[in-house]
Amino acid sequence: MPHDQATWQLWIDRPGALVSPFLFGHFAEHLGRCIYEGLWVGPESPIPNQDGLRTDVLAALRDLPVPVLRWPGGCFADDYHWEDGIGPRERRPRRTNLWWYGEEPNHFGTDEFLALCRAIGAEPYICLNVGSGSPTEARNWLEYCNGSGQTHYARLRAQHGHPEPYGVRYWGVGNENWGCGGHFTPEEYAAAYRRFATYLKPFTRTTRSRIELIACGHTTPDWNQRFLAALGVERNPRLLDLIDHLSIHRYFRGPHDRDFTAADYYWLLASTLQLETDLRRTRDVLSYDGGQKRLGIVVDEWGTWYDQARAENGLEQVNTMQDAVVAAGTLNLFVRWADWVTMANLAQTVNVLQCVVQTAGPAMWLTPTYHAVHLLAAHRGQRVLPADLETPELTVSGPAGTSARLPLVDGAASRSADGRTLVLTLVNRHLEEAIECRISLRGEGRIDGGLHQQLTADDVRAANSAADPERVRPTRAPFPAAGTTVAVTLPPHSVTALQLTLVSP
């Protein structure tokens, strides 16, 4: 097939899984300038703020939007003791940030995080300390957030100005416990998880808020299988009540100083395809070992991680049009896997790794990744459509003589509950060539115009900055095409979103 054509058939009468808003979630860790300077400047700052939270960043995250936010880590979570971060800020202890250098002032803690979530409309997701913490510490944190009545931690929360329970639903039982979270074996982590969950899950009965627990999984072939076996769910199916989701992480590594080559670009994109293999392996384990209960897959850290992002510089890296192409392709994947993926959180929200917002003093700007996420978020609340995409491919070369086949066009399709709107998102990964995609409907209905939005740049290395905050931004125009077959041109290294009106034939 020539590089200038792809075909996409959509079965519009066969809507599938609901696309959860949580597939478009985010992650904020006490790392570099994500929390301090990025989200939190303090109430005394000359930078406009709402009780210490930057108002420009709040507005950007509300508009994105951010449906769920994971905090406080990351590796930081398994050395974080939550009571350091409550009460009068001037009395909070300073601690060593064990993993990310420097000191942690604890000015941004539980109440500030939950104020942030409320300000941007995000569901909070708290990651508990398993590595250096205890079930007692985790249970007390849950009571502080969700407890009611006259218990010690409910009264303490009220003394800090929050008499009503927060009702935090999502709790991660540790982070990367196979690594920085304690170097557990799967069997050791299963024993720890069982202890923690035993003292957390009863809060579903004793408070008015339901909680869901997320266990730490891995992408290596046998970790998840060994964890579930050691958890004992096969011997005692009731133990499945202790777990709701299993998490995996996937970063896409590569060189990046804005002088990356075409070969670097294509190999990075080929490496993103590994995530679908991760999902398939995790699904297969959960299908076999999960019994009658459907456990969800949470991809609670994902994104690009370039050589320039190091602990010494707070894991900061330049965010270019390349990152937008990666983000759109990954979110397309999550949409297609909406029947299994229950949450996914991009790493990280502000200034760190593949962030959506960057700041420099009083300046703030949106990254190309922000615009890609905003376009793809149109799938939220819709039903996935089965589709057959035929696309040209490219053979790309990697290190040590490796190679891979890279599909050049990637897409996801969904339909609204009322059946009147189709959302189609397409990525052209080719660096230099435009590709025409011919879209055909199968089933009852035809297209009657809609909205065309597109994100691209004259150079895949283009980035936004304080000096040029809108160099990479999407265009928006009517899409006048009609019928059961339409065509759209996909520029090189671009993201295209179509919101199409569907009418009866």
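Arg-336 is partly exposed, with a relative accessibility of 34% (buried means under 20% relative accessible area, exposed over 50%, partly exposed in between; 1.4 Å probe, protein chains only). The model is predicted: local features need pLDDT of at least 70, side-chain atom pairs count only at pLDDT 80 or more, and totals for chains, interfaces and linings use all residues. Residues are numbered from 1 along each chain as its sequence is written, and side-chain values use heavy atoms, leaving out hydrogens and water.

Arg-336 pairs with Asp-410 in a salt bridge, with the closest N and O atoms 3.2 Å apart (a side-chain nitrogen of Lys or Arg within 4 Å of a carboxyl oxygen of Asp or Glu). Arg-336 belongs to helix α10 (residues 321-336) and Asp-410 to strand β20 (residues 409-415), so the pair ties together parts that are 74 residues apart in sequence. Helices (H or I, at least four residues) and strands (E, at least two) are DSSP runs, numbered from the N terminus. Asp-410 is buried, at 8% relative accessible area.

The whole structure holds 25 salt bridges. Arg-471 and Asp-458 form one at 3.2 Å, N to O. Arg-471 is partly exposed at 36%, whereas Asp-458 is exposed at 70%. Glu-470 bridges to Arg-473, the closest N and O atoms being 3.7 Å apart. Salt bridges also link Arg-33, Glu-37 and Glu-316 in a network.

Pro-48 sits in the loop between β2 (25-27) and β3 (49-50). Its relative accessibility is 54%, so Pro-48 counts as exposed. The C-alpha atoms of Pro-48 and Pro-362 are 8.4 Å apart, although 314 residues separate the two along the chain.
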